[in-house]
Amino acid sequence: MNKENLPRIVGFLCTWCSYTGADLAGTSRMKIPPTIKVIRVMCSGRIDPLFVLKAYLRGADGIMMMGCHPGDCHYQKGNYNARRRYVMLQSIFKTLGLDEDRISLWWVSASEAPRYAQVTNEFSEKIKQMGSNPLREEIFL
Ligand code: FES
């Protein structure tokens, strides 16, 4: 956690749905945690598993992957690829002895600003309860 004891979460958001939903949540003045650092990608299928691993290894306390709902991907099946990669990442985390609960995958559409606010608040609270990424001290000391 940082000085204010807030978790550092990296969110990879598909531009067409989740990023637009996040934008709508912001313009609608919904309560969004200040803990999410958003990285906009064209599609959740563009989220290379290495992006997630690198974010974690560089000290992120949690990582959110977000895309369009199944069947709504603007590139047909990018989100299905993202779902497969998420399952693979969970397996890699488990195999390496890392906490797979620190990564998550969500479907949030462009009109689902309340859902964006809800899932980011819930995940942020969960990561806050879990504490800091244990690797951070090992890496940065
Ligand atoms: S365009 Fe949103 S998940 Fe593919």
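Visitor: Is Trp16 buried, partly exposed or exposed, and what is its relative accessibility?

Guide: Trp16 counts as partly exposed, because its relative accessibility is 39%. Buried means under 20% relative accessible area, exposed over 50%, and partly exposed in between (1.4 Å probe, protein chains only). Bear in mind that this is a predicted model: local features need pLDDT of at least 70, side-chain atom pairs count only at pLDDT 80 or more, and totals for chains, interfaces and linings use all residues. Residues are numbered from 1 along each chain as its sequence is written, and side-chain values use heavy atoms, with hydrogens and water left out.

Visitor: Where does Trp16 lie?

Guide: In the loop between strand 1 (9-14) and helix 1 (18-27). Helices (H or I, at least four residues) and strands (E, at least two) are DSSP runs, numbered from the N terminus.

Visitor: Switching to Asn79: buried or exposed?

Guide: Asn79 counts as buried, because its relative accessibility is 1%. You'll find Asn79 in helix 3 (residues 78-95).

Visitor: What lies 2.9 Å from a polar atom of its side chain?

Guide: The backbone oxygen of His69. That's a polar contact, meaning a pair of N or O atoms within 3.5 Å; within protein, one must be able to donate a hydrogen and the other to accept it, and residues adjacent in sequence count only if both atoms are side-chain atoms.

Visitor: Which residues is Asn79 in contact with?

Guide: Leaving aside neighbours within four places in sequence, the residues in contact (heavy atoms within 4.5 Å) include Cys43, Cys68, Cys73 and Trp107.
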